[in-house]
Amino acid sequence: MRLYDTYTRSLVELPAAPALVRMYVCGPTVYARAHIGNARPFVVGMWFRSWLKANGYDATLVHNITDINDKIYDAAPGKSAELAARATEWYLEDTADLGLGMPDYLPKATESVPAIVSFIEELVASGHAYPAGGDVYFRVASFPEYGRLSGQKPDQVEQGEEPSPLKEDPRDFALWKANKPVTEDTWWDSPWGRGRPGWHIECSAMAEEIFGPAFEIHGGGLDLVFPHHENEVAQSRALGHPFAQIWAHNGMLQFTGEKMSKSSGKVETIRDAIDTWGRETILVFFLTASWRKPIDYSEETMTQAAARLETLRNSFTRDPAAHDENGWQAFADALEDDFDTPAALAVLHDWASRGQLELLRRGLAVFGLESLAERAVAPAEIVELAERRLQARAERDFETSDRLRDELAAAGWEMRDRPDGYDLVRI
Ligand SMILES: [Zn+2]
């Protein structure tokens, strides 16, 4: 399997299975219901893990929760811990509802402060960082490879942090920030006084606390290459730790097409997208573009994804053709070549059109879409209950609708809404 690596700007071969593949994918800052764009690194990470495991790898995924951040403190002054806890729950619920399972570890910055502090202490002791006025800064000049990941000349970088007279060099970045009274509910004790960690050191410390000083893949959105990941590389490699071997950056989700009801504030969160389109349409939508490329989220692209979903689903109503023993290879070839999901999706459609239902079911399962095969096998009496419930809801008879939902659940089925009807999913 080959993956594109931002650091070397080339396709890098993964070791052969059953090798260990440890992945760390940067997660969200939790201060509101997560944006649909946050779903992409999650989905890509879960798909990588799913594919690697299906191929005999020992794959582990860590996805962190950034619950120490100014955005949280600004959104809920004095009550930021409550907001962060609630927004973390929302994120876990919303991503769980994508139906892909969950990462192996979901470390929180607030629960990793001792590891972060000892990481900073090592950087200070080795001369790569210096305390100043209660803050601690990374000394960029001490790490000659600085700028390599993002392709910048070390003397031209700008951190985008507020300028500080405490910095020896304007390129230096904060590892520890002294407590300011306005954020009095958000500090921890440290050898440099009360304060809180900077964002970049959180990820270096959380990744290494779980994986140790070396691991295989570091993922996250392309917008994180600089400064976040450049600074993670500097912090960890300054200490001689190999850190990530492959940097896998997913492309950004864009709203360049038709505006998605921006004025109404709808359909921009993962929650709204699931409620509007259903999880399966969202997953098919993400399949339509290479994980590294930008992807347009619009009424049009989502409608197209819904149509493709229907084509795949409807193929299960036909009689299966004789199983093609060699059919799987084209699908595997697509994914082994930099996880080319548009090519893999084309193979799924080819199988659908040829009645290769066993291959199709297996291929869909890699992407958490095995449920597409289930509706056709719902027994007639279950479909009947669902139809009666649909009717009851159309008549706004919610009592009957709720009773029928409970009957369905008791029989082991769940009715999931779609814009043009419903799915029946086994629970
Ligand atoms: Zn991170």
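Author: On a 1 Å grid over the protein atoms alone, a cavity is a set of points where a 1.4 Å probe fits but cannot get out, while a pocket is an open set with protein on both sides within 12 Å along at least five of seven lines, and lining residues have an atom within 4 Å of a point. The model is predicted, so local features need pLDDT of at least 70 and side-chain atom pairs count only at pLDDT 80 or more, whereas totals for chains, interfaces and linings use all residues. Residues are numbered from 1 along each chain as its sequence is written, and side-chain values use heavy atoms, with hydrogens and water left out.

Reader: Which element gives the most to the lining of the second largest cavity?
Author: This cavity holds about 40 Å³, where a volume is the space filled by probe spheres set on grid points joined across faces, edges and corners. Its lining is made of Arg40, Val44, Trp47, Phe286, Ala289, Trp291 and Thr341. Helices (H or I, at least four residues) and strands (E, at least two) are DSSP runs numbered from the N terminus, and the element that gives the most, with 3 residues, is α1.

Reader: How many charged residues are in the lining of the largest cavity?
Author: The largest cavity, with a volume of about 70 Å³, is lined by residues including Met23, Val44, Phe48, Ile217 and Trp291. The elements giving two or more residues to this lining are β3, α1, β9 (214–221) and β10 (243–250). If Ala, Val, Leu, Ile, Met, Phe, Trp, Tyr, Cys and Pro count as nonpolar, Asp, Glu, Lys and Arg as charged, and the others, Gly among them, as polar, the lining has 8 nonpolar and 4 polar residues, and the number of charged ones is none.

Reader: Is Leu52 buried or exposed?
Author: Leu52 has its place in helix α1, and the residues touching Leu52 (heavy atoms within 4.5 Å), not counting those up to four places away in sequence, are Met1, Leu14, Val21, Met23, Tyr57 and Ala59. Buried means under 20% relative accessible area, exposed over 50%, and partly exposed in between, with a 1.4 Å probe and protein chains only. Because its relative accessibility is 1%, Leu52 counts as buried.

Reader: How many residues of the lining of the second largest pocket are charged?
Author: The second largest pocket has a volume of about 290 Å³, and among its lining residues are Asp97, Arg271, Arg279, Glu280, Glu414 and Asp423. At least two lining residues come from each of α7 (270–277), α8 (279–287) and β13 (413–418), with the largest share, 4 residues, from β13. Besides 2 nonpolar residues and 1 polar residue, the charged ones number 9.

Reader: Why is α8 described as largely enclosed by the rest of the structure?
Author: The residues of α8 include Arg279 and Glu280, which are buried, as are Phe285 and Phe286. The helix is largely enclosed because the number of its residues that are buried is 9 of the 9.

Reader: Which residues are the protein donors of the zinc ion?
Author: Donors are N, O and S atoms within 2.8 Å of the metal (3.2 Å for Na, K and Ca), and sites may look incomplete since water is not among the atoms. In sequence the donor residues are spaced C-x176-C-x24-H. Cys26, in the loop between β3 (20–25) and α1 (39–54), and Cys203, in helix α5 (residues 199–211), are 177 residues apart and link distant parts of the chain. At 2.0 to 2.2 Å from the zinc ion, the donors are Cys26 (SG), Cys203 (SG) and His228 (NE2).
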